[in-house]
Amino acid sequence: MDRIRIRGGRPLSGEIPIGGAKNAALPLMAAGLLTDERLVLSNVPRLADIRTMGQLLAQHGIAADKQDDAGRIMSFGGRITNTEAPYDIVRTMRASFLVLGPLLARTGEARVSLPGGCEIGARPVDLHIKGLEQMGARFDLEGGYIDGRVNGRLQGARIVFPFVSVGATENLLMAATLAEGRTVLVNAAREPEISDLAHCLTAMGAQITGIGSDTLTIEGVPALHAADHAIIPDRIETGSYACAAAISGGSVFLRHARLDHLGATVRVLREAGVDITEQPGGVMVKRLNGLHGADVMTEPYPGFPTDMQAQFMAMLSVAEGASMVTETIFENRFMHVPELNRMGARINVHGSSAIVRGVPSLSGAPVMASDLRASLSLILAGLAAKGETVVNRVYHLDRGYEAVEQKLAACGADIQRLGG
Ligand code: UD1
């Protein structure tokens, strides 16, 4: 199994290209199920999760064709020949569940494996199911699969989410585009990836108002059609490399990044002593002097993203003073803490909060990545640490970060992937 070795202590300097957003690409690929015509997506990131979603679509009869050598432009299309999303695929990637709404809306039936738990918590899908039930779908649970059926078309409905869910908003938004009548999604997620999906669906002929707000209104149409759509840059990759520039004491230009998608991340970075500004073609990040502690609490967008929490914690572990990091979205998302502490960080977890007492320096160590964002947090710690850090189980990293070693090495990091 691959490992990544970092010899720390070098400030990063240079430019890092930011790829298309994984969490935008996955629902956009699922949207390919909503029409027989071709959906052409550009700026597709090259990631394990994208390949997994490609396999799932292929299983449903929708072939993903690469339109360029790099595989950044992909087209999807074809008739749905199979409405089952098997356990073997869904268990490796929860976002597979996003095919449920489109399959039901298109074919009136879907059999999708329940995702179950994952490293960062229980992560139920009840909001997806309840919303689709309100739209007229009926579900049975059988052998770990959720078996869904609709008589005729889904019916428009007013769906009030009790709390914000990115995936449930996306599933219901996609389903509502082909429903009969009007659907209103109240307390919808407002993440830039949701707006990206809504813009693409609009280009496919969907009628959606309220894009970017917490209330989405969808007038169902009988069919969607072909469209071309460019995926937004990845705001979590952007924030992660901003932390890399900061923790290493360097300055990096993040090409293609968008400051307006970063929400509270910008404010917290500035509070910690990081200079982050929009420039033509991207975002410039520079550490000014020392890093200062800052308190963060994860929240739905535009609040501070849970997907940035682990990376921020690595950065705060070498900031002056104490910081409090509170996780409100996932109950088990502090698995990077013991690993950071093995490198000399001083972090104590109390329930859903962690107190980070900044230390002057970290020391390299062999560590274990527990999930995608935790992997990057350990790489960040390695960049700042004295000596050698080896991050094991990097397959998590490959699900969501493209060419991390190359991107960091191009800015002067001493980082290498070791096989076996
Ligand atoms: C998406 C992102 C993930 C990010 C998360 C929160 C993708 C592919 N993944 O995941 O990277 O960390 O948003 O920003 O875009 N919940 C329920 N019932 C449901 C649905 C969710 O209880 O039916 C809970 C979850 O367990 C969690 C919270 O709601 O505590 C938010 O989850 P949600 O926004 O749905 O996350 P995902 O869409 O799974």
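The buried residues of helix H10 are Gln309, Ala310, Gln311, Phe312, Met313, Ala314, Met315 and Leu316, where buried means under 20% relative accessible area, exposed over 50%, and partly exposed in between (1.4 Å probe, protein chains only). Because eight of the eight residues of H10 are buried, the helix is largely enclosed by the rest of the structure. The model is predicted: local features need pLDDT of at least 70, side-chain atom pairs count only at pLDDT 80 or more, and totals for chains, interfaces and linings use all residues. Residues are numbered from 1 along each chain as its sequence is written, and side-chain values use heavy atoms, with hydrogens and water left out. Helices (H or I, at least four residues) and strands (E, at least two) are DSSP runs, numbered from the N terminus.

An open sheet of four strands is found in the order S18-S19-S21-S20, with mixed pairing; two strands pair if DSSP finds at least two bridges between them. Strand S18 (296–297) and strand S20 (346–350) form the edges, each pairing on one side only. Helix H10 (residues 309–316) packs on this sheet and touches S18, S19, S20 and S21, contact being defined as heavy atoms within 4.5 Å. The direction of H10 makes about 170° with that of S19; axes are lines fitted to C-alpha atoms, for helices over the stretch in contact, and angles run from 0 to 180 degrees between N-to-C directions. Strand S19 (residues 322–326) and strand S21 (residues 353–357) run antiparallel and are joined by five bridges. Serine 353 in S21 is the bridge partner of threonine 326.

The loop between S18 and H10 contains threonine 306 and proline 302. Threonine 306 is buried, at a relative accessible area of 10%. Not counting residues up to four places away in sequence, threonine 306 touches Thr298, Glu327, Ile329, Phe330 and Arg333. The side chains of threonine 306 and arginine 333 are joined by a polar contact of 2.7 Å. A polar contact is a pair of N or O atoms within 3.5 Å; within protein, one must be able to donate a hydrogen and the other to accept it, and residues adjacent in sequence count only if both atoms are side-chain atoms.

The ligand is surrounded by 19 residues, of which the closest are Asp126, Leu127, Ser165, Asp307 and Ile329; a residue is near a molecule or strand if one of its heavy atoms lies within 4 Å of it. An oxygen atom of the ligand lies 2.6 Å from an N or O atom in the side chain of aspartate 307. Polar backbone atoms are also involved: that of valine 166 is 2.7 Å from an oxygen atom of the ligand, and that of proline 124 is 3.3 Å from a nitrogen atom of the ligand. Taken alone, the ligand exposes 740 Å², and the protein buries 85% of that. Accessible areas come from the Shrake-Rupley method with a 1.4 Å probe; for residues, only the protein chains shown count as cover. Helix H5 (126–134) and helix H6 (166–177) are the elements that give two or more residues to the shell around the ligand, and H5 gives the most, with three residues.

Arginine 106, in helix H4 (residues 100–107), counts as partly exposed at 28% relative accessibility. Leaving out residues up to four places away in sequence, arginine 106 touches Leu33, Leu34, Thr35, Asp36, Ile80 and Leu178. Its side chain forms a polar contact of 2.7 Å with that of aspartate 36. Arginine 106 and alanine 223 are 117 residues apart along the chain, and their C-alpha atoms are separated by 8.8 Å.

Isoleucine 208, in strand S12 (residues 207–209), counts as buried at 11% relative accessibility. Beyond its neighbours within four places in sequence, isoleucine 208 is in contact with Leu173, Ala198, Leu201, Thr202, Leu216, Thr217 and Ile218.

Most residues other than glycine have a negative phi. Asparagine 43, in the loop between strand S3 (39–42) and helix H2 (48–59), has a positive phi, near 65°. Asparagine 187, in the loop between strand S11 (182–186) and helix H7 (192–203), likewise has a positive phi near 65°. Asparagine 43 is partly exposed at 29% relative accessibility, and asparagine 187 is partly exposed at 25%.
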